[in-house]
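Colleague: Happy to see this one at last! Could you put it up and take me through the terms you use?

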Amino acid sequence: MEKRKLFINFIAGVFGGLLVLLVYTISTNQNTSTIQQRNNYEQIEQQNGFVRKAVDSNQSGTINSQTAGLSSPVGMLENEMVSAAQKTVDAVVHVKTAYVQQYSYGNPFLEYFFGQGSQRKSQPVVGSGSGVIISDDGYIVTNNHVIDKAQKIKVVLNDKREFDAELVGSDPGTDIALLKIDENNLPHVKAANSDNVQIGEWVLAVGNPFNLTSTVTAGIVSAKARNINLLRENYGIEAFIQTDAAVNPGNSGGALVNRKGELIGINTAIASKTGSFSGYSFAVPVNIAMKVVEDLIEFGQVQRAVMGIMIHDLNESFAAENDIETLKGVYIDNISEGGAADKAGIEPGDVIVRIGTVDIKNVAQLQEQLSKFRPGDRLKVTVLRNNREVEKDVILQNKMGSTEIIQGEDPLVNLGAQFEQVSDKEKKLLNISHGMKIVELESGKLRSSGIHEGFIILAMNGMKIVTENDIRQVIEQSKGGIMVEGIYPNGMKAYYAFGK
């Protein structure tokens, strides 16, 4: 009997051991399979940050779809872009403008035989664009060309509320304008530092193309400090952020924002032969736009700081001819006597390579940095002289040649001209000792009087003209007509007159 009990206990022990071993083996295989499957997924995810599938080790050649979730690179980017759009879309407005245009018409046949001259008619002209609310009390940034000539401006919010807008001021030189509506607690966009924008980073363009309500497009920053010769105004500044986010007519004045929903630029122009988006668009950096806004609010006009230099970009052949060992920087051709650069000891032939701590590669970048400052501001300018760095302290001036803040309208505005000092070569060729040359001429009193581009003003009302400030002085002191004496580059002398 005892032997039989012993045998049964032995068999039960063996069976129990086998059962435990079987359970352990199955459990181990399942854990190994789970670990292997996770390792396979992680390996694929490391190889491609955008993967959304994981290999199932238990089924050879079979792939099971699994969402990567917000922790994956794609999910995180998508979440950031959605959040940025939500922060921005209600702060971008539709700007509607209207003005009355006068035009004349007539019948040449009737005029010849019956003396019936031309008649004048008027017709309403409407336009539209976008704007960005930058404060909760109703300040709105847009483009100057959106509101140019407008006699009435309306702003439509994304929630369909409409407001009459007041034009606080505008700056054709940067194509920025500032509007104000009478409302509080408005959604608005926070400005970032556009100097920190990186080529290749993702951005959103928000605006109202084709009179549609707020529309969001995405792209990357393609380039910085782009000059596309768009702004023909005196002291025009072009240092655009270039992006491939789709921008179409009506987007002008809208927001370019980063992934945090921060404003980095004001969409201004597109590169297109058809008038619609075809690859690239351009935005005014927010650092430039906000400087303009601050000046318009505080002074009523933009305080432009100048160094008093004539400059151009470097290229390989020019650098080789002048023994310059870099292609980065801005070459100084000429210095205005008594200007900020002249007083700081900067010389013709120097190459500007740094403003403060910011490296300068081209003219557009230099203009962008100088646009942040006002007359009277002091900054460190690093130049290359004989291929060695020299640091100079420059006290910036206004366009009148002083360090004062300009109050009131510049008397040169109505002339419609951009001037530069006559080069030594032209002085010698024309046998003159001074003069201010008209290098750009737009609608204004000089063109109306018959003056053409290239004309060199030698005297006004008998006063010798040496600097641009001399022209201002004559206009300010004159009580009636102004006589202009000068010479063209071909040697022909000429005399003109215009009213103040």
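Colleague: What makes the lining of the second largest pocket nonpolar, polar or charged by class?

Modeller: Ala, Val, Leu, Ile, Met, Phe, Trp, Tyr, Cys and Pro count as nonpolar, Asp, Glu, Lys and Arg as charged, and the others, Gly among them, as polar. On that basis the lining has six nonpolar, four polar and six charged residues. This is a predicted model, where local features need pLDDT of at least 70, side-chain atom pairs count only at pLDDT 80 or more, and totals for chains, interfaces and linings use all residues. Residues are numbered from 1 along each chain as its sequence is written, and side-chain values use heavy atoms, with hydrogens and water left out.

Colleague: Why is it called a pocket, and which residues lie nearest its centre?

Modeller: On a 1 Å grid over the protein atoms alone, a pocket is an open set of points with protein on both sides within 12 Å along at least five of seven lines, and lining residues have an atom within 4 Å of a point. Here 16 residues line the pocket, with Lys224, Ala225, Lys361, Gln365 and Glu368 nearest its centre. Helix H8 (363-370) and strand E11 (215-226) each give two or more residues, and H8 gives the most, with five.

Colleague: What makes H8 a helix and E11 a strand?

Modeller: Both are DSSP runs numbered from the N terminus: helices are H or I with at least four residues, strands E with at least two.

Colleague: How do you know that E26 and E27 pair?

Modeller: Two strands pair if DSSP finds at least two bridges between them. Seven bridges join E26 to E27 (residues 493-499), running antiparallel, so the pair meets that definition.

Technical notes: On a 1 Å grid over the protein atoms alone, a cavity is a set of points where a 1.4 Å probe fits but cannot get out, and a pocket is an open set with protein on both sides within 12 Å along at least five of seven lines; lining residues have an atom within 4 Å of a point.
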